[in-house]
Structures are given as C-alpha cells and as structure tokens.
Amino acid sequence: MADRGRAWSIAAVGLALLLPLTGCTGGRSATDSARTEVQQLLDRRSTALLAHDEGAYAATGTRTVYTRLRDLPLASWTYRVTDVRHTSSGATVDADLSYRVAGYDTAPVDTRRTLTLGRATDGTWYVSADQPAGQAGQQLWDQGPVTAVRGAHSLVLGAGRSAADLRGYATLADRAVPAVSQAWGTGWSRHVVVLVPRSLADMGALLGSPAANYRGIAAVTTGEAGGSGQAPADRVVVNPEAYAVLGDLGKQVVLTHETTHVATRAATTAATPLWLSEGYADWIGYLGTGRTPAEAAPELTRAVQDGHAPTALPTDKDFGFTSDPTQLAQAYEGGWLACRMIAGHWGTARLGAFYRAVGAHEERTGAVEDALKKVLGTTPDAFTAQWRDFVRSELG
C-alpha cells in the first residue's frame, strides 16, 4: 500500500508538470465552483429554517432537520463549508454548523457536520442527509423531534419526551435558579438550558463519550470554563435512567447542583480543583433541604465509622466518572464538607470570595494556597487538618 501510494504521488506530480497551466487553474476553479454552489445551497437552507418556510426548506433537500426543530427557538443557524468530496451520486460535504438558541446563547454553539448531497438532472444540488461528523457528538435533534418547554428561568429540551414530562424538569430548574442566585449572586445569565434524552445511551451520544462513563451520574453540565460571558449557554444534560430513581428532593438537589455550575462557570478555571467546584455545587444544592451531614454524605459516614476517615482532600482523579462508585461518592461528599466547613467557620460570603479567588489564579499551582492565605487567613496544612477534624465531628 505504501509503495502504491508513493508511486501515485510521483505520477501525479509529473502529470501536473506536464499539464498546461490553464488545466491546473481549471481544476481548482471547478472545485471552488462546487464549494460555492454548496455554500449557497446551505445558506438558502439556513434562511428557510429561521424563517419557518417549510416549502423553501424542502426545495433544498430532506426535511428531517426542519421537522425535528419545529419547537426549538432559534436566533441563528449557519453552515460554513470546509470540504466538498465528489462521489458517484453527488458529494459528501464537511461543514461547521453554528447556531444560537434565542434568549439563552450569547454566542453560537459550534459543531461539525457531514452532509450527503445528491445532484438533480438539471445539475442543482440537494441535501439527502445531515449527520454529526466523525467524533463530534450528536445534537438533540439527531435523536428525534425536539420538544421544548419554557419555564420562568429555564428552557427544557427533550427528544422522545412529552411536554408533560418535561414540565417537571422546568419546575425544578425554575426553583434552582433563584436559589443559586441567592447564594452566588446575580452576576450570571440566571437561565438554564436542560437537555433530556431518551436513554443513557443517548446521553453518551450527546456528550460524544461512552455511555458507561455516565452510569449512575444523574446529570452533567457542559460548557466552557472561565468563559468571557460570550460563550454559548451551558447545557445541563440529564441521565434519564439515574435521574428517574431519585426522589423529589434528590431531583431538586441534582438540578440545583448543575445550575450552580452554570452560574459559576466564568469563575471556574483550570486553577479550580474539583473538590471546590463540585463541593460548592453540592453545598448550594443541599442548602435549605434539612439533610443532616450523615444523610448527605452516607459513604464518608460509613468510612469514618469504620475507622477509615480520609486524611487528605479528594484529588481531581477521585472525581473520574470511571472511578469506583464508592470512591466517587466519597470525593463529592468530601468536597461538600470542605465547603460546608468554610461557610460555617468563615461565612458564606467568604466561601464565595474564596471560590472566585482560586479561579482568578493564572494556573493551578499556588491557586488554593494563595486564596487560603488571602481570603481565609490560613495555610493548606492547617486547612486540611481542620477539614479532617470537621469530617470526624460531623460524621463520627
């Protein structure tokens, strides 16, 4: 195979040298012409989608995407063609898709798509398929018609879900937003977008990762850490299988936890350890629930009572979704107790200031140490020792 490829390359170079210059230019022009025609086709398709003109959209090819997006409020939708490869029946097109959900995205969501095109007898192009490219995750409409439910502070989008089912998520999300604002402040969008796929497998497809990574995880939040405020709205992606087994209180805690990640996104950077970001989200999630430490941290409670109290704060590795479930639970519980300790000893305002100070650091090294000194007036060793004692006193 290698020799054959090398021979082809040499022959191609020789041919290029022998061809008249006009022949080379003509080849490039033909390719550019096809790319321009395809771009114009996708521009017409985007315009028709935003204008809710089904007839004009149908004139550009398959209506699958249009019919699945009827309920999604779109502010923008554009394709940028990056490659056109001719096939025996038409062409395969690579394109970057950017879109914004009206009222929620301050900047476009970007994803890569692969489109299959056919060519009519009159030479015009039409789209016969529009799918995720390569390793790109699915979009919700790839899994079926999207149903949208709008809450006071939320937009809940589901595939294969009824509006009645999705209203329950909107109710909980609408409670979560003001609860988070009360603790964190109002300097964020104060809106949340929740995606509810049909299954765990569909959740994995949306996230572009193996579904097994999220087994037992009720929800995750996607987004750009340390954003400038111009990033797309975070998406809270629900695992419907794990979420369904939770009680009403558990469901509320989960959505408040994830909403906290949306609120704190701009202040969460590579300098922020997971014990702080996850612990803070749990701390807000459990506020006002009346749950005792033993009820909120059952795995650490068992460990402490069995004589295996933790000696160090959880590391980022401890939060891996593929970790042992017990270890993962203990990591979350340990982070929650650290934030609970800060709030109880230094006050809730200092806890928020500590979170922001850590995230404002340029790099992970020294971030926690500097914030401990400047905001809490302590050291890593003293803080860890205080946390160990706090864990034992709360759970022992």
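This is a short chat about a predicted model.

User: Let's start with the four-stranded sheet. What order do the strands take?

Analyst: The order is S1-S2-S3-S4. The sheet is open, and the pairing is antiparallel.

User: Which strands stand at the edges?

Analyst: Strand S1 (74-86) and strand S4 (125-132) do. Each has a single partner strand, so one side of each is left without a neighbour in the sheet.

User: How are neighbouring strands turned against each other?

Analyst: By 30° on average, direction ignored.

User: How many bridges join S3 to S4?

Analyst: Seven, with S3 covering residues 109-119.

User: Switching to the core. Which residues touch the most other members?

Analyst: Trp77, Leu117, Leu157, Trp275, Phe354 and Phe383. The largest nonpolar core has 107 residues.

User: Which helix gives the largest share?

Analyst: Helix H12 (residues 325-346), with 11 residues.

User: Back to Leu157. What is it in contact with, leaving aside neighbours within four places in sequence?

Analyst: Its contacts include Leu72, Leu140, Val146 and Leu166. Val193, Val194, Leu195 and Val196 are also among them.

User: Now the backbone. What is phi at His52?

Analyst: Near 55°, a positive value in a residue other than glycine. Most residues other than glycine have a negative phi.

User: Where is His52, and is that residue buried or exposed?

Analyst: His52 is in the loop between helix H2 (21-50) and helix H3 (54-58). Its relative accessibility is 56%, so His52 counts as exposed, the cut-off being over 50%.

User: What about Arg190?

Analyst: Phi of Arg190 is near 55° too, again positive. Arg190 lies in the loop between helix H5 (163-184) and strand S7 (192-196). With a relative accessible area of 39%, Arg190 is partly exposed.

User: Last topic, pockets. What volume does the largest pocket have?

Analyst: About 1200 Å³.

User: Which one gives the most?

Analyst: H8, with eight residues. H12 also contributes to the lining, and H12 is the helix with the largest share of the core.

Definitions and conventions: Residues numbered from 1 in each chain as written. Predicted model: local features only at pLDDT ≥ 70, side-chain atom pairs only at ≥ 80, totals over all residues. Heavy atoms only, no water. Pairing = 2+ DSSP bridges. Helix = DSSP H or I, 4+ residues; strand = E, 2+ residues; numbered from the N terminus. Axes fitted to C-alpha atoms, helices over the stretch in contact; angles between N-to-C directions. Core = buried A, V, L, I, M, F, W, Y, C linked by side-chain atoms within 4.5 Å. Buried < 20%, exposed > 50% of the residue type's maximum accessible area, 1.4 Å probe, protein only. Contact = heavy atoms within 4.5 Å. 1 Å grid on protein atoms, 1.4 Å probe; cavity = no way out; pocket = protein on both sides within 12 Å on 5 of 7 lines; lining within 4 Å. Points joined across faces, edges and corners; volume = space filled by probe spheres on them.
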